[in-house]
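Have it open while you read.

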Amino acid sequence: QPLESGTNTSLGADSCCQWDRLIKTPWREISKIEKFLGLEAKVTQDNFYFNSTKGFHCLRPGQGSERCLAKSKGRPHVTVSKQSVTLLRKFYMPHNLRFYNLVGRDFGWPED
């Protein structure tokens, strides 16, 4: 029961996105979203720059000032044990499978 109470809040947002890839190469993930939605491809790597202070990419819009997440974002992640990762993957598996069926695409979660 404790696992479910701590993970239910993430079933919506977290199960929809592969955060690692979104953080490392946001333009590729947004391109996949554009394609999935049938939109014209507009977002490229040129729309981002790496902020070495924050440790992640920030938005560089076509015109205007550069945008980045607030100061509270970009915190280091805690180390999670292999046992916890295995437990979380097992918990999320049926939710991920239902999501794949819903959107008609297998995102390959979890990745090892």
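**Aromatics and a surface patch**

1. There are four aromatic pairs in the structure. Keep in mind that this is a predicted model.

2. Take Trp27 and Phe48, one of those pairs: their ring centres sit 6.1 Å apart with 45° between the planes, and the pair is tilted. Trp27 belongs to helix 4 (residues 26-36) and Phe48 to strand 1 (residues 48-51), so this contact ties together parts that are 21 residues apart in sequence.

3. Then look at Tyr100 and Phe107. Tyr100 has 7% relative accessibility and counts as buried. Phe107 is buried as well, at a relative accessible area of 19%, and the cut-off for buried is under 20%.

4. Which residues make up the aromatic cluster that includes Tyr100? Phe99, Tyr100 and Phe107 form it together.

5. Now for the surface. A nonpolar patch there is formed by Ile33, Phe36, Leu37 and Leu39, which together have about 410 Å² of accessible area. Leu37 is located in the loop between helix 4 and strand 1. Is Leu37 buried or exposed? Its relative accessibility is 54%, so Leu37 counts as exposed, given that exposed means over 50%.

How values were computed. Residues numbered from 1 in each chain as written. Predicted model: local features only at pLDDT ≥ 70, side-chain atom pairs only at ≥ 80, totals over all residues. Heavy atoms only, no water. Phe/Tyr/Trp six-rings, centres within 6.5 Å; stacked < 30°, edge-to-face > 60°. Helix = DSSP H or I, 4+ residues; strand = E, 2+ residues; numbered from the N terminus. Buried < 20%, exposed > 50% of the residue type's maximum accessible area, 1.4 Å probe, protein only. Patch = residues over 30% accessible without salt bridge, like charges linked within 9 Å, V, L, I, M, F, W, Y side chains within 5 Å. Areas by Shrake-Rupley, 256 points an atom, 1.4 Å probe, with all protein chains shown as cover. Salt bridge = Lys/Arg side-chain N within 4 Å of Asp/Glu carboxyl O.
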